[in-house]
Amino acid sequence: MLRRSLALTAVVVAVAWSASGLEVGIDRLVRAPGDAWAVFRQMVPPAFGQAIDRNVPSKVLESVHIAWIGTMIGAVLSFPLAFLAAGNVAPAAVRAPIRQLFNVIRAVPELILAVILIPVTGLGPWAGALAIGIHSVGTLGKWATEAIEGVDGGPLEAVSATGGRWVSGMRWGVLPQVLPVVTSHWLFRFEINVRASAVLGMIGAGGVGAELVSQLVFRNFAAAGAVLLMTIVVVLAIDTASAAVRRRIIRGAAVTVGDDSDDRNAAALADLTGLGRPPLG
Amino acid sequence: MTESGRPSRPRLRARTWLIVAALATYTVLAGQTVGFDLGTFWTVWSNPLWEKFWPIPWDWVLDRHNVIDPLVETFQIAIVSTLVGCAVALPVAFAMSPLTSPNRVTLVVSRSMMGVVRAVPDLFWAKLLVTAVGIGAFAGSWALSVFSLGVMVKLFSETVDGADPRPLEAARASGGRHLPVVRAGVLPTVLPEYVAYALYVFELNIRASVVLGLVGAGGIGRVVEAQRQYFRFDRVLGVLVIVFVVVFVIEQVSVAIRKRLI
């Protein structure tokens with residue numbers, strides 16, 4: 001009971017300190033909802049004509065392309081590394097540095113990577129794709145490592161019993177077990193990356209973000225509303241389609257891999273959010 | 001006994017090949033659109049601009065006024081928005097779960113609204129609110145509150161979905177009204193997870209609040225953006241180093257607390 005009240009006090013103090021630090025006067029707090037509502041009102045109805053004239057649909061698609069290429073870069077770079085980071089198949093000396101690499105990469109947001117990359121690669125979608133690709137290596141690598149650590153050791157033993165080398169063990173003992181889970185990780189990451197690439201455009205790394213910023217800067221809220229709505233539709237469509245495919249991949253895997261594979265896949269997916277629950281559905 | 005022979009090697013079906021081919025084609029086309037260039041991985045290292053990132057001017061970075069104050073503001077934004085977002089998320093998540101929703105209309109409306117809220121990327125919210133209520137930490141906290149709400153309802157409503165329905169049924173059978181029934185029947189069973197998720201959202205917010213300043217929504221990102229525009233990449237790098245050390249420490253603490261909670 002004492003611990004609980006201590007924790008509660010700590011939260012209250014932290015929040016009070018934070019709120020006072022933001023220097024928000026009562027008048028601003030009262031006025032803000034009205035201001036936000038005024039902007040929202042001007043967004044409706046959205047000016048789709050203007051947005052189409054300015055090629056916004058192709059910008060939205062560009063964001064999708066950036067996200068896809070970024071995901072592919074992340075997948076290609078992270079998957080082989082994951083085999084060297086998994087506790088059950090890699091020696092400890094190799095494992096530790098690669099895991100740390102994943103951790104460090106994960107800690108740097110795409111936007112910060114883009115800030116660093118843009119001066120070197122120049123403005124444009126390639127900077128965005130590269131930033132997303134590098135950042136994805138961190139998460140995809142971690143997830144794939146966990147998937148590999150969750151495999152059934154039987155097939156791996158069978159390969160080594162017949163005299164197979166390490167590579168054959170990975171190819172025939174591990175890969176078939178983890179491929180469905182890892183593919184669904186890639187798709188999940190793609191969903192996240194679509195949002196990330198839309199945001200990256202705001203600092204000049206290609207895609208729809210730049211369009212939203214310029215419409216808002218000119219206070220052309222009707223056009224901004226159209227940009228926003230097009231982005232939302234595409235993001236929702238991709239989320240829905242990708243979630244359906246992921247579910248299909250995991251269920252399909254349950255039939256081909258074995259009896260307990262459903263549990264195993266779920267367990268391998270479990271730590272995606274760091275919360276011990278699969279991101280399905 | 002006939003010999004058993006080797007099992008036939010599994011072959012990919014035609015449909016699988018078709019899907020792989022289609023995805024490969026799309027990848028190539030998308031790669032061309034974004035200007036995919038394998039050479040970058042090498043040329044990027046020889047770019048003379050890297051010299052501008054080094055050495056890190058530690059006197060400037062460690063000056064309280066330059067980095068520490070904005071960083072403190074970043075954490076204040078994260079703390080306030082975690083609280084606001086998670087507080088609003090509690091009733092909304094109950095409305096979003098079939099188990100606890102008062103009626104079907106509330107369920108459908110809250111679900112679709114939250115779907116749209118989540119579909120808008122976090123920094124889009126920040127930019128929108130900066131435009132609406134002005135540059136600064138206030139817009140940032142608001143944007144991050146909305147973002148926290150979106151994440152929190154997603155995670156927490158699934159917990160509510162999976163809650164044990166028996167206490168709820170018992171409370172309902174004793175003839176309680178909807179709100180007291182939910183409060184007594186479901187809330188106690190999901191509260192530890194609620195707190196753990198709130199901490200997780202706090203971690204996300206710390207990370208997100210680092211970049212808010214890039215669109216004018218306050219915090220340390222403001223410093224990054226300003227120095228970037230002056231081409232002082234050495235300072236940018238210095239700021240980032242500090243940020244990541246601090247963020248890393250906070251995450252370790254939060255993860256440790258979360259592990260004890262669940």
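Trp58(B) sits in helix 3 of chain B; helices here are DSSP runs of H or I with at least four residues, numbered from the N terminus. This is a predicted model, where local features need pLDDT of at least 70, side-chain atom pairs count only at pLDDT 80 or more, and totals for chains, interfaces and linings use all residues. Residues are numbered from 1 along each chain as its sequence is written, chains are lettered from A in the order in which they are written, and side-chain values use heavy atoms, leaving out hydrogens and water.

Back to Trp58(B). Together with residues including Leu62(B), Leu191(B) and Phe248(B), Trp58(B) forms a nonpolar patch on the surface, with about 920 Å² of accessible area in total. A patch joins nonpolar side chains (Val, Leu, Ile, Met, Phe, Trp, Tyr) within 5 Å, each residue having over 30% relative accessible area and no salt bridge. Accessible area is from the Shrake-Rupley method with a 1.4 Å probe, and only the protein chains shown count as cover. Which helix gives the largest share of the patch? Helix 12 of chain B does, with seven residues.

Now the interface. Chain B puts 64 residues into the contact and chain A 66, contact meaning heavy atoms within 4.5 Å. The two chains bury about 5700 Å², 76% of it on carbon and sulfur atoms; buried area is the accessible area (1.4 Å probe) lost on being put together, summed over both. In chain B, Val34(B), Phe124(B) and Phe138(B) lose the most area to chain A. Zero salt bridges are found across this interface, a salt bridge being a side-chain nitrogen of Lys or Arg within 4 Å of a carboxyl oxygen of Asp or Glu.

Terms used
Patch = residues over 30% accessible without salt bridge, like charges linked within 9 Å, V, L, I, M, F, W, Y side chains within 5 Å. Helix = DSSP H or I, 4+ residues; strand = E, 2+ residues; numbered from the N terminus.
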